[in-house]
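Q: I would like to go through this model with you, one topic at a time. Could you have it open while we talk?

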Amino acid sequence: MYANPIAYFFSSIFVLIAHIAMLVNIYFNGNYTNVRSVAVLGAAVIILDIAYLVGIIFFKQASYILDFLLILIIGMSVIFQSCFGEVGFDVKHYITCIVCLVASKASYLLCRNHKYLQDKKKYIYAAIGIVVLITLVFTSAENMWIEIGSFTIQPSEFLKPLFVLACATSIADQQKKHKVLFFNVVYENIALFGIMAIICLVQVKSHDYGSLPTFLSIYAAGFLLRICYPKAKFSKKKLFAVIAVIVIFLLIGLKYAPEYVQHRLHVDIWSDKTGDGYQQSQALIGIANGGWFGVGPGKGFLANVFAYDNDIVFATVSEEWGLLYALMMVFTIVVITAVPLINPARSYFHGTMSACVSAAFLVQMALNIWGSCNLIPFTGVTVPFISTGGSSLMVSGFMIGMLLAAQSPVFKEQKNKKQEAPVPAWRWNE
Amino acid sequence: MNSLNLILCAVSAAALDICIFVLIITAYREKKSSKKNWHEVSHDMELAEQGKIYELGCDEVLIGRHASADVRLPDLSVSRYHAMMTVSDGVWTIKDIGSKSGLFVNGELIREKVLSENDIIKLGNRRLIFRKRSDKRVR
């Protein structure tokens, strides 16, 4: 605990400097009518930074690097979202960011002891079932959100961390093989495949095709580690078989995709600038307009385009803050996902969890950015931490808590579990 | 955009760059302390045989003949996937995972056993000693 106090002190200072530099940029370059709005935004960001950096001292962790990266990206998110269109203070996004930070800590406390979670595996499967039912009953293809007062919840988002937990908790059961006819079967693998199939069907029913690659990436990361568990069991044949099945399903999916999806796949955005290609063409114009250093916070025109703050947020940031800043934002998220590579997890459970979360973050980010840049069809997937959306931010926070847990794990047996008495060595019996 | 604003944008981006660079350095510093922390969790134990020391680097250590086992014993008397060692609360347990020649701890054939310091583990013709980690100690 607190193994590197000097490094932590400097990390905190540099996080604050990075945010202050952004606020100074807003003060000199931003589009605002009253300087008070800049002062309020600045105070809110700095207070959140200090509160979080002080708060993490009370958590006994082996590693704090993800906390610094999280507060850095959350501060950037608050500043970006408050500046789109005109500099102000986006209170709703600020509150969701606080919820994200709280969710990360709650998730860390929940996931750091894998033996505890492995004992509660059935509750994870039950939670997946409940969320799937809620999604089926309360949402439709036209409306994927549930409205509770002034808040809206997207239930399918909550399937992501639950699915990651399902992948990770079942990894230790890979050695429990059962003979069914002529095959050695692991029940957990079949259950996981079933869950994945159900989630995909629910997403297809909700017409949320953009989320499918995220779930598939989580499953792929989980499966890859599954067939490598223990390491010696790695089988190239299985891997090639899985890749072949995925490619076949992908081709079938593309062939029989609904008409509007087919249209999106083949649309020429420049010849359909006012139709299906509107957002992407505007996003590309915005990126070009912003150049390397942007037109200035709050001075972009993309704030008038639908979904400027979530679906095409990369383009909006590029326009107002410049491509350099947008790329640095992407790099920050890439560094978050790369932390488990610098300090690898000490258990297969945490390793699987880290791989699944990193895969989900990277795929989500790639879909959003490539979609904005017209490299792939527009999917409407959010960029983790940067896009608006309470459900998305809360789930992203929960998932980064899993990475935190993998960096500071606890290896303890459950107290209520019957413990095997240590067998004395033979020399003591003699 | 005038040159002053351009400089401010560049400075702002540079501050973010430096911050990320500092955080990456902190991550590498934490890697060292994390290793030290792991040695405390695993009670600083290691496996050793004549002239060789095997570090117990994660909570599940696979012992076998296969090239990708954590503790590789290239001996035909050892199964490819012979035994698995796990740690919990600083207590190491060894478990036979379907070996052909069996797993012996201190001469006793076992299926699963909690290990104590200086236990002798026999897998096929190979003998390993479970002991406290010590770089200087040569057996």
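Q: Which residues of chain B does UniProt list for "domain: FHA"?
A: The unreviewed UniProt entry lists residues 61-110 of chain B. UniProt positions are given here in the numbering used for the model, feature names are shortened, and annotations may be inferred rather than shown by experiment. The model itself is predicted, so local features need pLDDT of at least 70 and side-chain atom pairs count only at pLDDT 80 or more, while totals for chains, interfaces and linings use all residues. Residues are numbered from 1 along each chain as its sequence is written, and chains are lettered from A and ligands numbered from 1 in the order in which they are written.

Q: What are the confidence scores of the model, and what does chain B average in pLDDT?
A: The model scores ipTM 0.84 and pTM 0.88. Chain B averages a pLDDT (the predictor's confidence in each residue, from 0 to 100) of 85, and 96% of its residues score at least 70.

Q: How much helix and strand is there over residues 61-110 of chain B?
A: That stretch is 0% helix and 48% strand, and its end C-alpha atoms are 18 Å apart. Helices (H or I, at least four residues) and strands (E, at least two) are DSSP runs, numbered from the N terminus.

Q: What is the strand order in the open sheet of 5 strands in chain B?
A: The order is S4-S3-S5-S6-S9, with mixed pairing. Two strands pair if DSSP finds at least two bridges between them. Strand S4 (71-72) and strand S9 (112-114) are the edges, each pairing on one side only.

Q: Do S3(B) and S4(B) run parallel or antiparallel?
A: They run parallel and are joined by 2 bridges. B:Gly64 has B:Arg72 of S4(B) as its bridge partner.

Q: And which strands pair in the antiparallel sense?
A: Strand S3 (residues 60-64) pairs that way with strand S5 (residues 83-88) of chain B over 4 bridges, and B:Leu62 stands opposite B:Met84. S5(B) and S6(B) follow with 6 bridges, where B:Thr86 faces B:Thr93. Strand S6 (residues 91-96) of chain B then pairs with S9(B) over 3 bridges, with B:Ile94 opposite B:Lys113.

Q: Is S3(B) mostly covered or uncovered?
A: S3(B) is mostly covered, as 5 of its 5 residues are buried. A residue is buried if 20 or more other C-beta atoms lie within 10 Å of its own, exposed if 12 or fewer, and partly exposed in between, with C-beta atoms placed from the backbone. B:Glu60, B:Leu62 and B:Gly64 point one way, B:Val61 and B:Ile63 the other way, and all are buried.

Q: What about the sheet of 6 strands?
A: It is an open sheet in chain B with the order S2-S1-S11-S10-S7-S8 and antiparallel pairing. Its edge strands are S2 (52-55) and S8 (108-110). Strand S1 (residues 45-49) is joined to S2(B) by 4 bridges, and B:Glu49 is partnered by B:Lys52.

Q: Which residues take a positive phi?
A: Among them is B:Asn106, near 55 degrees. B:Asn106 lies in the loop between strand S7 (103-105) and S8 of chain B, and counts as buried because it has 20 C-beta neighbours inside 10 Å. B:Asn118 has a phi of about 70 degrees and sits in the loop between S9 and strand S10 (119-123) of chain B; B:Asn118 is exposed, with 12 other C-beta atoms within 10 Å. In the hairpin of S5(B) and S6(B), with 2 residues between the strands, B:Asp89 has a positive phi near 55 degrees.

Q: Why note these at all?
A: Most residues other than glycine have a negative phi.

Q: Over to chain A: which residues of H2(A) are buried?
A: They are A:Val38, A:Leu41, A:Val45, A:Asp49, A:Tyr52 and A:Leu53. The face turned away from the buried side carries the exposed residues A:Arg36, A:Ala43, A:Ile47 and A:Val54.
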